[in-house]
Amino acid sequence: MTETILAVADVAKTYASGVVALHATDLAIRKGEIFALLGPNGAGKTTLISIICGIVTPSAGTVTVAGHDAQRDYKSARRTIGLVPQELSVDMFETVLATVRFSRRLFGLAAHDAHIEQVLRDLSLWDKRDAKIMELSGGMKRRVLIAKALAHEPAILFLDEPTAGVDVALRRDMWALVHRLRAQGTTVILTTHYIEEAEEMADRVGVIDKGRLLLVDDKAALMAKLGKRRLDLTLAEPLTAVPAALERWAPTIEHDGRTLRYTFDAREERTGIPSLLTALREQGIGFRDLETSKSSLEDIFVDLVGERA
């Protein structure tokens with residue numbers, strides 16, 4: 001059985017104004033996994049992360065990090081965590097090397113130049129070690145935040161919207177780094193509203209919306225259980241409307257009438273495809289090509305959030 005490194009039990013947050021930022025939430029994170037917390041802006045992702053990291057005090061519930069109660073034994077719990085926040089929080093006049101070294105000292109750890117050098121090299125920052133933060137590009141500044149978070153060798157790394165506003169090349173670099181960290185035994189938890197990020201990196205996915213954790217599941221299992229398949233028929237002649245004889249399959253017309261789309265559950269014994277094709281033939285509707293595709297995580301996410309809107 002995989003060890004649980006982080007446990008959230010009945011954690012909730014209601015502000016003095018009465019705003020409920022997070023409803024009672026339970027979550028267990030496995031040691032060495034990549035977990036993606038997926039949700040739109042304002043869904044409660046940062047609130048949950050901030051509570052776990054001790055930045056925000058919960059209204060209820062407990063957080064246990066590597067066996068340490070995050071409230072009663074804050075220092076030990078926080079020592080286990082590396083946090084990469086959304087916002088830039090560094091001294092712009094300090095150098096890259098000094099900034100990362102200082103982050104390590106904040107945790108009361110002895111200097112470890114070899115580790116700091118390796119972190120900077122992994123993040124392509126070693127050549128910029130003597131540059132002041134203010135001289136760096138936005139992408140490089142984001143890398144510095146990650147280096148700061150890794151300076152004290154945390155067992156758990158939180159990445160709060162790590163690639164928001166960065167270019168595609170840097171996003172790919174960060175994905176590669178996350179996989180390397182997991183290979184080294186680090187547990188990685190990322191919040192994101194980029195579906196492709198969760199689909200690319202995560203072992204498990206949690207979907208949060210309006211302060212509620214809607215579900216948590218292995219990515220593959222989630223897509224198998226909730227994912228649907230789509231049949232696209234490229235029509236020989238465009239349609240302006242779905243013929244009455246086809247309505248029971250509830251197809252949609254796409255691409256200016258050139259595509260007839262039918263969504264079905266591939267797990268069902270009868271998908272309805274043979275009878276749909278027969279009906280098309282009987283209606284004299286020809287098609288040049290057909291293609292099936294799986295639902296993406298984005299389709300599933302939109303369905304989940306839409307159901308609870």
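What is the handedness of the crossing of α5 and α6? The crossing of these two helices is right-handed. The model described here is predicted.

**Helix α5**
- Helix α5 covers residues 138-150, and its 13 residues should span 18 Å at 1.5 Å a residue. The C-alpha atoms at its ends lie 19 Å apart, which agrees with that expectation.
- Most of α5 is covered, with 11 of its 13 residues buried.

**α5 against α6**
- The axes of α5 and α6 come within 11 Å and cross at roughly 15°. Angles under 35 degrees count as roughly parallel, so α5 is roughly parallel to α6.
- On the α5 side, the residues that meet α6 are Gly139, Arg142, Arg143, Ile146 and Leu150. Their counterparts in α6 are Leu170, Asp173, Met174, Leu177 and Leu181.
- In an α-helix there are 3.6 residues a turn, so residues three or four places apart point the same way.

- An open sheet is formed by 4 strands in the order β2-β1-β4-β5, with antiparallel pairing. Its edge strands, β2 (20-30) and β5 (68-69), each pair on one side only.
- Within the sheet, strand β1 (residues 4-14) and strand β4 (residues 60-65) run antiparallel and are joined by 5 bridges. Ala9 stands opposite Thr62 in β4.
- Helix α1 (residues 45-52) packs on this sheet and touches β1, β2 and β4. The direction of α1 makes about 115° with that of β1.

**Strand β11 and its partners**
- Strand β11 (residues 229-235) runs antiparallel to strand β13 (residues 259-264), and 6 bridges join them. Asp232 stands opposite Arg261 in β13.
- Strand β11 also runs antiparallel to strand β14 (residues 287-294), to which 7 bridges join it. In that pairing, Leu235 stands opposite Phe287 in β14.
- Strands of a sheet pair through backbone hydrogen bonds, either parallel or antiparallel.

Definitions and conventions. Residues are numbered from 1 along each chain as its sequence is written. This is a predicted model: local features need pLDDT of at least 70, side-chain atom pairs count only at pLDDT 80 or more; totals for chains, interfaces and linings use all residues. Side-chain values use heavy atoms; hydrogens and water are left out. The expected span of a helix is 1.5 Å times one less than its number of residues. Buried means under 20% relative accessible area, exposed over 50%, partly exposed in between (1.4 Å probe, protein chains only). Two strands pair if DSSP finds at least two bridges between them. Contact means heavy atoms within 4.5 Å. Axes are lines fitted to C-alpha atoms, for helices over the stretch in contact, and angles run from 0 to 180 degrees between N-to-C directions. Angles under 35 degrees count as roughly parallel, over 145 as roughly antiparallel, 65 to 115 as roughly perpendicular and the rest as oblique. A crossing is left-handed if the near helix is turned anticlockwise from the far one by less than a right angle, and right-handed if clockwise.
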